[in-house]
Amino acid sequence: MGNRMGTGGDDGRETLGDFHVYPLAGRTTVANAQTKQVSFLNATGVPARKVYQYRNPWQHSAEEGESVDTVLAFTSARDGGLGDALPAGTIRVYMRDARGNPQFVGKARCRTPRWDRTWR
């Protein structure tokens with residue numbers, strides 16, 4: 001039997017039906033029929049490493065060279081990571097340039113909220 005509304009999930013987070021609750025630090029208002037982007041997690045200093053990744057489909061052969069993906073690998077673990085499970089949505093990554101200004105370096109889709117998962 002699943003969780004009742006307003007009860008805790010397997011990870012200890014409050015759930016409402018099939019959804020996890022991600023509380024916001026402040027108050028926000030959403031008007032009727034409005035779509036609003038709200039940041040719930042702003043993590044700094046999260047350890048990450050650059051990884052070169054190549055996915056080779058089963059029994060795939062290529063006549064020409066293929067490139068690899070450059071990915072940023074990090075964990076969402078409570079200790080030594082983001083400190084919170086990521087909900088489904090878009091992850092945007094910024095790095096500081098030589099002048100100390102944040103620069104957008106990439107984004108990815110997160111489809112499954114989980115603790116202690118390495119994201120690439």
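The model is a predicted one, and it describes a protein with 0 helices and 7 strands. Read along the sequence, these elements give the pattern β-β-β-β-β-β-β. Of the 120 residues in the protein, 20% are buried.

- Strand S5 covers residues 89–96 and strand S6 covers residues 102–110, and the two run antiparallel, joined by 8 bridges.
- Among the residues that face each other across this pairing, Thr90 stands opposite Arg109 in S6, while Met95 has Gln103 of S6 as its bridge partner.
- Between the two strands of the hairpin there are 5 residues, and in this hairpin Gly100 takes a positive phi near 90°.

**The aromatic pair**

- The structure holds 1 aromatic pair, formed by the rings of Tyr94 and Phe104, whose centres are 5.6 Å apart.
- The planes of the two rings stand at 65°, and because an angle over 60 degrees counts as edge-to-face, the pair of Tyr94 and Phe104 is described as edge-to-face.
- Tyr94 belongs to S5 and Phe104 to S6, so the pair ties together parts of the protein that are 10 residues apart in sequence.

**The salt bridge**

- The count of salt bridges in the model comes to 1, and the partners are Asp97 and Arg99, with their closest N and O atoms 3.4 Å apart.
- The separation of 3.4 Å meets the rule because the cut-off for a salt bridge is within 4 Å.
- The two partners fall into separate classes of accessibility: Asp97, at 22% relative accessibility, counts as partly exposed, whereas Arg99, with a relative accessible area of 68%, is exposed.

**The largest pocket**

- The largest pocket holds about 1,200 Å³ of space, and 30 residues line it, those closest to its centre being Leu41, Ala43, Ile91, Arg92 and Val93.
- Strand S4, which covers residues 69–75, supplies at least two residues of this lining, as do S5 and S6 each.
- S5 gives the most to the lining of the largest pocket, with 8 residues.
- By type of residue, the lining of the largest pocket divides into 20 nonpolar, 7 polar and 3 charged.

**A loop residue with positive phi**

- Ala33 is found in the loop that lies between strand S2, residues 19–20, and strand S3, residues 49–53.
- The phi of Ala33 is near 65°, which is a positive value in a residue other than glycine.
- With a relative accessible area of 80%, Ala33 is exposed, because this value is over the limit of 50%.

Definitions and conventions
Residues numbered from 1 in each chain as written. Predicted model: local features only at pLDDT ≥ 70, side-chain atom pairs only at ≥ 80, totals over all residues. Heavy atoms only, no water. Phe/Tyr/Trp six-rings, centres within 6.5 Å; stacked < 30°, edge-to-face > 60°. Helix = DSSP H or I, 4+ residues; strand = E, 2+ residues; numbered from the N terminus. Pairing = 2+ DSSP bridges. 1 Å grid on protein atoms, 1.4 Å probe; cavity = no way out; pocket = protein on both sides within 12 Å on 5 of 7 lines; lining within 4 Å. Points joined across faces, edges and corners; volume = space filled by probe spheres on them. Nonpolar A, V, L, I, M, F, W, Y, C, P; charged D, E, K, R; others polar. Salt bridge = Lys/Arg side-chain N within 4 Å of Asp/Glu carboxyl O. Buried < 20%, exposed > 50% of the residue type's maximum accessible area, 1.4 Å probe, protein only.
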